[in-house]
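This report describes one predicted model. Please consult the sequence and the structure shown below while reading.

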Amino acid sequence: MVALVFVVVVGLPPAWVVAPSWSVALPLTGVTSGLVLSAAAVGSLVTRGALLPWVLVVTLATWLASAVVVSRRRAPRAGAPTPAPGEAAAAPGPARAWCLAVVAVMSAPVLVGSLGPATEYDERAVWLFHARWLWHGGAAAREAMATAALGWSHSDYPPLVPATVAGLWSVVDGGDLQLGQAVTSVQSWLVVVLAGVLVAGAVRRRAQLPVAVLAGLFAVGSFGIAGGFGTRGYADLAWAAMATAAAIAGLVLPPTPATTRLAAVCLAAAALTKSEALVTVVAVIAPLIALRWLVVQRRRALPGLAALVLAVAVGASWSVLSARFGTQAQRDITGDGLAALLRGDASQVDRVEPALRGLWGYARTTIVISTVVIVAALVLARRPRRELRLGGGWWLPTAAVGSFVVALAALAAGELDMDFWIGSAGSRLVIASRALLLAEVLVVAAVAVDTLVGTPRGVSPPPGDADDRLEAAVVDLTDRPLPASVLGRRD
Amino acid sequence: MLLLAAVAVLGVHALRGVLVTRDVASGPWRQRADVLQRHDACLAAAADALVAPGTRVRIPDPGPELDLKLVVDHLFGDIVVVDGDDPRVPVLDVRHDPAGGGCDGAVVELRRAG
């Protein structure tokens, strides 16, 4: 409870700036609190100062800036069109607050897993160890990062998860390992809930309750995909959920200023959570989102693309800072290994087949049964999806394949013993690709529910003006234009 | 039919989530964690008794072994881990005793030159 309150209190004001809706802003605090506290940790590192003052200053500054932004937001203009009777119930939009309640109540029991002792390997050797560095202040942390003898802890790993833990430690009960484990678990849970709520908000309001129930299944299932690591102090589910939320916002939901902000913030946070997340963001998810926005919006996509570039830059900034701090880290994957793989050197290419076999072993159930549903939806249910102005059914699976390829390349380019690596980390390497596939299945289910619930009499789908619907018609490379009968209809 | 199939996929994964949560909260994961917690506490007590605050130490590369990492984590802030091979700086290590001494066979030691 302490962990939840801390994350929500720190992250709510900036989350409200990103998404002024309780159903989205509350779970988004899992992302924004991490970003705020990462900034505080960087301040502490740069100045070699204590962490607590930076936590207070950065948090208060963020709250203040958020208050200014919210107060300056324009109220609806006088004379703006009001929804016709029944239209509100028919329009997609942010999920209602009780959707959040349904998803949260259904999935909260998974957090009981975080009540055990904090004893997992990476949890202690990497994440909570780094949190301890940061909690001891910038000088101690810089010294530890630059100590080669501590390089086994992957000193170059990004700061979001340990900074959140250290932030809480700096204000209450410093160094408590179980509290640290609880923070990471709550953070992962909130972002998983966020992904589910975003899908619930993609359908019309009268369909949102049943979709919220399905989103609850998705949230619990995400912790199943994480295989126990979701509540044991690991960062893998956190970044996978951030990447999935970003992908839903950028590849599924209609491109709007709100979804642009959401996608950018989640991408930046994912990239600041783990090294392979940065690669996945830069090489897979950000380019896919940019492509979709370019196709859908053309020149109007420029602000969104700028936001994406900024998000990637923020995510990549840690690598620059870390190098500047003289970080001495043992690296499982080196540039030489990757170059050898790309050159086709037998030493690395021979690792591809066992890596593929290992990853497939962990992901095959999700891949096979999700693919059946996704392909069936692509064949049978494209029109209802277009009517909701949602991105095509290929986007999330493409992101999933890309994420899988990144994991495969990492194993093949690396130098660790393959059996050891697959056995110790293989299941975690495919969390993101499995979560993306499961998210697409949730979208398919949500659209099917929306179709079943139907449109109220006298209301014409899709909502929005004709330009919006024309935009939705060319929504992505996989969608065909809407029929003229739909495009020609005016509300 | 499509909805049923999608719900089935979500349900299968949710069921897995429930089973995983049970394992973590009260099953094999929890039992292993409880054992490791006792082991961790034993190592911490041994390290506290052995290493005075402010001590500069070197450590060997622990490889995949976790025990030394737990000790260094516990002592972080009290000790200073340094690089190099200065023989005047003692080596903090965890030796594994086949006879089962120390903490289930893990013995925290501070080796000094000579």
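A:Val171 has 15 C-beta neighbours inside 10 Å and therefore counts as partly exposed; by the convention used here, a residue is buried with 20 or more other C-beta atoms within 10 Å of its own, exposed with 12 or fewer, and partly exposed in between, with C-beta atoms placed from the backbone. A:Val171 belongs to helix H8 (residues 160-171) of chain A, where helices (H or I, at least four residues) and strands (E, at least two) are DSSP runs numbered from the N terminus. When neighbours within four places in sequence are left aside, A:Val171 is in contact with A:Leu52 and A:Val55; contact requires C-beta atoms, placed from the backbone, within 7 Å. A:Leu52 lies 119 residues from A:Val171 along the chain, yet their C-alpha atoms are separated by 7.0 Å.

The model is predicted: local features need pLDDT of at least 70 and side-chain atom pairs count only at pLDDT 80 or more, while totals for chains, interfaces and linings use all residues. Residues are numbered from 1 along each chain as its sequence is written, and chains are lettered from A and ligands numbered from 1 in the order in which they are written.

Chain A contains 23 helices and 0 strands. Of its 491 residues, 59% are buried. Among contacts in chain A with a separation of 6 or more, 81% join residues 24 or more positions apart.

Helix H2 (residues 22-47) and helix H7 (residues 138-145) of chain A pack at about 80°, with axes 7 Å apart. Axes are lines fitted to C-alpha atoms, for helices over the stretch in contact, and angles run from 0 to 180 degrees between N-to-C directions. H2(A) and H7(A) are therefore roughly perpendicular, a term covering angles of 65 to 115 degrees. The residues that make this contact are as follows.

| Helix | Contact residues |
|---|---|
| H2(A) | A:Ser44, A:Leu45, A:Thr47 |
| H7(A) | A:Gly138, A:Ala141, A:Arg142 |

The largest nonpolar core has 204 residues, of which A:Met242, A:Cys266, A:Leu267, A:Leu442 and A:Ala445 touch the most other members. Such a core is a set of buried Ala, Val, Leu, Ile, Met, Phe, Trp, Tyr and Cys residues joined through C-beta atoms within 7 Å. Residues up to four places away in sequence not being counted, A:Leu442 touches A:Gly196, A:Val199, A:Leu214, A:Ala215, A:Phe218 and, in chain B, B:Leu10.

Technical notes. Angles under 35 degrees count as roughly parallel, over 145 as roughly antiparallel, 65 to 115 as roughly perpendicular and the rest as oblique. Two residues are in contact if their C-beta atoms, placed from the backbone, lie within 7 Å.
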